[in-house]
Amino acid sequence: MNSQNNLSLQAHQVIREVQKAVIGKEECIRKVMMAILASGHILLEDIPGVGKTTMALAFSKALNLREKRLTFTPDVLPADLPVLPCTEKKPENFIISREP
């Protein structure tokens, strides 16, 4: 039970740090934190200029992570991406390969 309390405290601390950089997006911040804790994927969609990148950078900084940004436009194709997944039948064999 102690580890659950510790994780909860750490998650709340991260949320507080992100809220210092992003104002008025409390529900979105909580949902992003839940996705991070669940090892899920996150897609932030909104109109330009509302703090999506700021939120991502704030989470990155609060969690001491390296950030990378990928902006999609309607004409982006999978071949345009610098990192392509190479999968096998088993999910535990998922491989990320970097192409030049």
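The structure examined here is a predicted model, in which local features need pLDDT of at least 70, side-chain atom pairs count only at pLDDT 80 or more, and totals for chains, interfaces and linings use all residues. Residues are numbered from 1 along each chain as its sequence is written, and side-chain values use heavy atoms, with hydrogens and water left out.

We can turn to the charged pairs, starting with the total. A search of the whole structure finds three salt bridges, a salt bridge being a side-chain nitrogen of Lys or Arg within 4 Å of a carboxyl oxygen of Asp or Glu.

One of these joins Asp-46 to Lys-25 through their side chains, at 3.1 Å from N to O. This pair links distant parts of the chain, 21 residues apart: Asp-46 sits in the loop between helix 2 (26-37) and helix 3, while Lys-25 belongs to the loop between helix 1 and helix 2. Helices here are DSSP runs (H or I, at least four residues), numbered from the N terminus. With a relative accessible area of 42%, Asp-46 is partly exposed; Lys-25, at 24%, is partly exposed as well.

The closest N and O atoms of Glu-17 and Lys-20 are 2.9 Å apart. Glu-17 has a relative accessible area of 37% and is therefore partly exposed, whereas Lys-20 reaches 62% and so is exposed.

Lys-31 and Glu-27 are separated by about one helical turn because they are four residues apart in helix 2. A relative accessibility of 48% makes Lys-31 partly exposed, and Glu-27 is likewise partly exposed, with a relative accessible area of 48%.

Ser-60 is part of helix 3, which spans residues 52-62, and its relative accessibility of 7% is why Ser-60 counts as buried. Once neighbours within four places in sequence are set aside, the contacts of Ser-60 are with Leu-65, Arg-66 and Glu-67, where contact means heavy atoms within 4.5 Å.

Notes
Helices (H or I, at least four residues) and strands (E, at least two) are DSSP runs, numbered from the N terminus. Buried means under 20% relative accessible area, exposed over 50%, partly exposed in between (1.4 Å probe, protein chains only).
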